[in-house]
Amino acid sequence: RRAGEAAKLRVEDIDFNEGSIFVRERKNGRCARLPLSPRARQALQDYLRPRSESPCKEIFQNAPPPPRALSAASIGDIARAHLRLRFPSEPSHCSHVLRHSFAKCLLDRGARLTEVGLLLGHRNLRSTLIYARIATKELGEVADNYARFL
C-alpha cells in the first residue's frame, strides 16, 4: 500500500527550496508535507535532471517511451529486486522492510515514537509501537549479555 503513495507522487509535490515533499494520498487518508534530507533532495534532483519535458507528471516513470507512471506493484518489484541484490542471504525481500529500517534508524537516533508515527503516517500510536518492539528486543539482548555485571 505504501508503494502506492510513492507511485502517486508528482514532480510538483517537491519543494526543493524548502526541502520538503507533499504526500497527498496516504493510507491514513491524511495529506502531509514531509521533510527531505539534503541527501534525498540531491538524489531526487539527480533522478529528475535528465528527464525531458514529459506529459507524465509522476516522479517515478518507466524508462522506455512513451513515459508512463510506474504502478505501486512496479515500485514494489523494483524495491524487492534491489533488496535482493543488496542482501542476497536474507530469506525475505519485502519492500516494507524499508519502512521498518527507516523507523529503526529514527529510533536509534533518538526520535520519539510520536515523531516516528507522524513520519510513517500512523493515525494511532499503537501502530508505531510495533517499531518500538525492535528496539526493546535489542535492549533485552544487551541486558542478557551484561546481566552478570548488574
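Helices (H or I, at least four residues) and strands (E, at least two) are DSSP runs, numbered from the N terminus. By that count, the protein has six helices and three strands. Along the sequence they follow the pattern α-β-β-β-α-α-α-α-α.

This is a predicted model, in which local features need pLDDT of at least 70, side-chain atom pairs count only at pLDDT 80 or more, and totals for chains, interfaces and linings use all residues. Residues are numbered from 1 along each chain as its sequence is written, and side-chain values use heavy atoms, with hydrogens and water left out.

**Confidence**

pLDDT is the predictor's confidence in each residue, from 0 to 100. The protein averages 82, and 85% of the residues score at least 70. Among the elements, strand E1 (residues 14-15) has the highest mean, 96. Helix H6 (residues 125-146) has the lowest, 66. Where pLDDT is low, the predicted coordinates should not be read in detail.

**Strands and cores**

Buried means under 20% relative accessible area, exposed over 50%, and partly exposed in between (1.4 Å probe, protein chains only). Buried residues make up 30% of the 150 residues in the protein.

Strand E2 (residues 20-23) pairs with E3 in the antiparallel sense, over four bridges. Two strands pair if DSSP finds at least two bridges between them. Ile 21 stands opposite Leu 34 in E3. In E3 (residues 32-35) the side chains alternate. Ala 32 and Leu 34 point to one face and are buried.

A nonpolar core is a set of buried Ala, Val, Leu, Ile, Met, Phe, Trp, Tyr and Cys residues joined through side-chain atoms within 4.5 Å. The largest one has 10 residues, among them Ile 21, Val 23, Ala 32, Leu 34, Leu 44 and Leu 48. E2, E3 and helix H2 (38-48) each give two or more residues to this core. A second, separate core has six residues, including Ala 103, Leu 107, Val 116 and Leu 120.

**Two helices compared with their expected span**

The expected span of a helix is 1.5 Å times one less than its number of residues.

| Helix | Length | Expected span | C-alpha span, end to end |
|---|---|---|---|
| H4 (residues 97-108) | 12 residues | 16 Å | 16 Å |

In H3, Ile 75, Gly 76, Ala 79 and Leu 83 are buried. They lie on the same side of H3, because they cover an arc of only 100 degrees around the axis. The arc is that of the directions from the helix axis to the C-beta atoms. On the other side of H3, Ala 73 and Leu 85 are exposed. The buried residues of H3 pack against helix H1 (2-7) and H4.

In H4, Arg 99, Ala 103, Lys 104, Leu 106 and Leu 107 are buried. Their arc is only 160 degrees, which puts them on the same side of H4. Gly 110 follows H4, with a positive phi near 95 degrees.

**A loop residue and its contacts**

Arg 123 lies in the loop between helix H5 (113-120) and H6. Arg 123 counts as exposed because its relative accessibility is 62%. Contact means heavy atoms within 4.5 Å. Not counting residues up to four places away in sequence, Arg 123 touches Asn 28, Gly 29 and Arg 30. Arg 123 and Arg 30 are 93 residues apart along the chain, yet their C-alpha atoms are separated by 9.1 Å.
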